[in-house]
Structures are given as C-alpha cells and as structure tokens.
Amino acid sequence: MTATELDIAAERDRFPEVFRGQGWPRRALMAGVIAYLFYLMWLFDFSRVFGGLPKAWTILRLMLDWTGFAGWDHAELWRSMLETIAMAYLGSVLAVVFAAPLGFLGARNLIPGRIFHFVTRRLFDGLRGLDQLIWALVFVRAMGLGPVAGIMAIAVVETGVLAKLFAEAVETIDRGQVDGIGATGGGFVARVRFGVLPQVLPTMIGQTLYTIEANTREATILGLVGAGGIGLRLSERIQINAWDQVAYSIVLILISVAAIDTISRFLRLRLIGEA
Amino acid sequence: MNRPSVDRPDPTSDPAYRLFVKQFGAVRRARLNRTLLTVAVALLLFVCAAAWTGFLPATIAAGLPRIGEYFGKLFSIQPKFSPVSMPVLALGHLTGGVREPQSVAYWFYRIGTYLSLLWQTIQMAILATVLGFTAAFVLSFPATSRFNNRYGIVFAIRRLLETMRSIPLIVLALILVWPFGIGPLAGVLAMAVHTAGSLGKLFCELNENADLRPVDGIRSTGGSWLAQIRLGAVPQVLPGFLSYALLRFEINVRSSTIIGFVGAGGIGQELKRVIGFNIYEEVSAICILILLVVVMIDLLSEQVRHRFIGSMS
C-alpha cells in the first residue's frame, strides 16, 4: 500500500507541527550565520589560500623526500626527543608532588569553609588558565633558555590541572569509610590515610599517568619558545627550510608519543587494573 | 594482660587463625615491597632525568629569586623615573589617572588594541571551529564502516584524520606560515586542520553507536545513500556532534591565544612582543585579559551546552 496525496494531507492535518516549515526567523538566523562566516573568511583573507596552495604542495613534496637521510644529525634529534620526554616526566612528577596536598586542601568535604574553597579553586583556575606556552615564554625570560624553563612551565600548569582533578576525586568519595575510621577513634590524618586515600589513589594514579602522556605531547612544542626539547630543533629546521628533517622530527614525535602512551597504558593496567 | 576466657579457646592456637595471620602478613609485605619498588624506580628515573636536563637544585636555587623578581615586576608596576625599585602597587595608586605609572589606566592604557586583538583571536577560533566541524562532519560518514562498505576509503580517511590531529598544532601553524604568510590565515587553517582531525575521530565513534534502524527504514523506502545519512543518521548524532564542537571551540580559544607566538595572528603575537621587550605592565595586562576571556568563553559555552544540547536530545 502506498501513500496517496490524500493520506499525506490527512497526516499533515494530524501533525501540523511536524510538517511546518522551519519558518522565516530560523532561516534569517541561518542566513545571518552564513553571512558572518563569509565576512570572517573575507576578514582573514581567504583568497590567499589559493595563492598559497602551490607553495604548500611544494613543501609537502620536500617533506616526503628523504634521500638525504644518512646525512642528518640523528644523535642531536634523538637526544632532544629524549630531553622532551625527560622534561614531561620531571614536570609531571613535580606537579603531582605539589598537587596532591593541594587537592586534599581544595576538597569541600575535607576542609569546610566556602571562602577557603573559593580561593583554592580560583588559584587552581589561575594556574591552568594560561597556556603552558605562555608560562614557558615567561620562565625563559626569567631563568634563561633551556629545559629548566620548560620543566617549570609544565610543573606550574599541571599543578593547577591535577589539583583540580584530585580535589574533585576527593569530593566524590564514599563518606561511610571515612566515618567508620572516625568511629573507631581515628584522627584527621588516620581518616585521610585509611578512609580517603584508598578510595582516591587509583583515580590519582590514573590521572598522573594521563598527565605524563599529555605533557609529552605538550613538551614537544615548548622548544619553539626556547624552553628545550625537540621543539627547538624543529623550529631551527623550519627556519632553514630543511623540510625533510622537519618531517623526520614530526615522525620522531609521533613515535615517542605512541611509545609513552603504550607504556602508560601498561602501567595503568598493572597498577590500578584498568586501561 | 589478655587471658583467654574459659569457654572460648585461645584464637592464636587455632591453626586456621595462624595460617590467616601468616598469609595476611605475606600479602601485606609483598604489596609494601611492590609499592616501595615502584616509588624507587620513579625516584631513580626522576634523579637521572633531572641530572641529565640540568634541572639541579643549584640551578633552581639560582633561578627562583629571579622568578620571584620577574613576577614581582609583572604585578607591581614600578614608577618609571624612580631610582627606588620597591614594589609600589598600592590600592590608592590604582585609581590614579593615565599619567600615574601605578594606576589601572596606565596599566591598561592600550586596552583598545588588546580588545580588538582578543576579538580577532575569538573570531579565529570561531572560523576554525566551523571549518573543522564542516570537514569532520563530511568526512565522518564515509569513514564509518557501517555506512560505507568500501573499507579502503574508510581506512584512508581514518589515517588522514589521525595524521591531521597528531601533528602538534603550533608546529602545524609554524609550517603553514611559510606558504600562507604571516597573519591570522595560517593560524585559522592550522586550527581548522587540527579540529577536523580530532572532531572527525569523535564523530566516527558517535556514528558507530548510532541506531541503525532509522537508516534501514529509509533504505527500505528506496532512499539514496545521502537520504539515509541525512534523515536516518544525522538527526541522532547531531546533538553529540554539536556538544563536541562546543568543547572544541573552548580548546580553540585557548589555542588561538598562543598561536600568534609563531606569527599566526591573534593576541599571542602581541604577547610575545611585550614579553620580548620586557614591558612588564603590558605582559600582566594581556595575561589577565586572556585569563578573563578564557574563563568567560568556558562559562558561556557550558551554558549553551546545557541549554541547547539538553533540549535537543
């Protein structure tokens, strides 16, 4: 049985709201949005895209031409890559050391007090609100070029991120276990150690490992502002238009990040039993 | 003194109890050893890495005062013509006029430039998110094996998306500055490529979880592939798509504040300049403004997500 015009008209009468068109306000809104997007494209000079495409194609071709592979400074690139991983690890571990106590302090259910809670949370927001690259640039100005500035940048931002995550983990625990310790006469320290810590430790370990993974990605670019690692080599190679080595460095980054991800997944499985 | 009661035997003489104590102790010792070993390995790695990268206590001790000094200068504006270098930020000074070096008016005297740059930064993020969303939307359906049985195409698009999202954004921007010139265009394109890569993966996952019955229903009435996707799949997945896109927009706003470091437009270019010239009050002014904008966009986007997406799904 096929639907006739009559059936359709009947359905249209039964469900007018389904068959009604979108109406002019919505169409006008869509037109406005599209006009705005075209305005943005005009603003950012999108006509230059077509002029740039042949050049981009040339760069892509140069990137894929690895005939000079034997002559590249492999030792330097690999050393920088290792340095990047070391930076991520150092920064993350430092951040965990600072964030663990801060996380407990910022948890509403452990330390009551609205004003204190507000102040600690805004502090964490302030630390992670500015991008790592901005912190790195500031630390490079303050402490000089090199990986130390990068490590400090990672540690500062990641302290804010982890403290917030830890505080949230502590806030979602089961209250019963803590009360149980309190009922047997445990003080504040005992309640945290035996009531809170066993519940939040798996989450904290998991987040720490994620942090190390994420920071390995982040640390690869810190070198662009002089904060050490592979980013510095990458920007040097781009400056001298050595596109083949640029591609090689990117491949190195991808391999290292994948390796760290795998190690981290393995550790997560071993330590907290979930991937 | 614990004396065993008359009618209950001493539990320590019970072999089952002794076995329990022995095994419990062994398990506890094993766990303790494992924890200690993990911590020791982590610590050893830390020390080796610190020694190798030069992250030594001496270096930090030498650097910390300079950091303190730098941040002190950032947030306490020093009088230009005073020989005394003391922190001079006093509340009374803040309300002074433009001529007063410690006043808010002096601090933010280029607020017009900053605001127009910040607006450009946000617009870069908007355009990049829309372009990336469009590309990811178009690519995600042929990249889902349930909607497309040519597995070669599925595989090729998936690898393309993976490549697009795994190159670090700043590196991509730095590379794109060469063909497309210095300015916001390179930044927008880099963010758009990155957004397409990351959203594409998330969209594919949403497509995998979509209900196939509407799609099959439209196929059964003779609908074309496009009609199946448009009327069967899109209405289900669109709320999820938009939610992810808004999250991505927040990330893009953050990214667009720094993408100028490599000459790809936005407030980052100005920030890098003032940090380079050590114009302390401008550094802190821009940082405060960026912080405000990022927090505002996050709050706004959260509101929109809750209302708009909540009502749609």
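Predicted model: local features only at pLDDT ≥ 70, side-chain atom pairs only at ≥ 80, totals over all residues.
A residue counts as buried here if 20 or more other C-beta atoms lie within 10 Å of its own, with C-beta atoms placed from the backbone. The buried set runs through Ile230(A), Gly231(A), Leu232(A), Arg233(A), Leu234(A) and Ser235(A), then picks up Arg237(A) and Ile238(A). Just past the end of helix 11 of chain A, Asn241(A) adopts a positive phi of about 60 degrees.

Turning to the contact between the chains, chain A puts in 45 residues and chain B 44 residues. On the chain A side, helix 7 (residues 132-143) of chain A makes the largest contribution, at seven residues. Sorted by class, this side of chain A comes out at 31 nonpolar, eight charged and six polar residues.

Within chain B, the assignment gives domain 1 (13-55), domain 2 (64-80 + 87-107) and domain 3 (113-312). Domains 2 and 3 of chain B meet through five residues from each. On the domain 2 side, helix 2 (residues 57-75) of chain B gives the most, with three residues. That side of domain 2 of chain B holds four nonpolar residues and one charged residue, with no polar ones.

Key. Residues numbered from 1 in each chain as written. Chains lettered and ligands numbered in written order. Contact = placed C-beta atoms within 7 Å. Helix = DSSP H or I, 4+ residues; strand = E, 2+ residues; numbered from the N terminus. Nonpolar A, V, L, I, M, F, W, Y, C, P; charged D, E, K, R; others polar. Domains from an automatic or database assignment. Buried ≥ 20, exposed ≤ 12 C-beta atoms within 10 Å, placed from the backbone.
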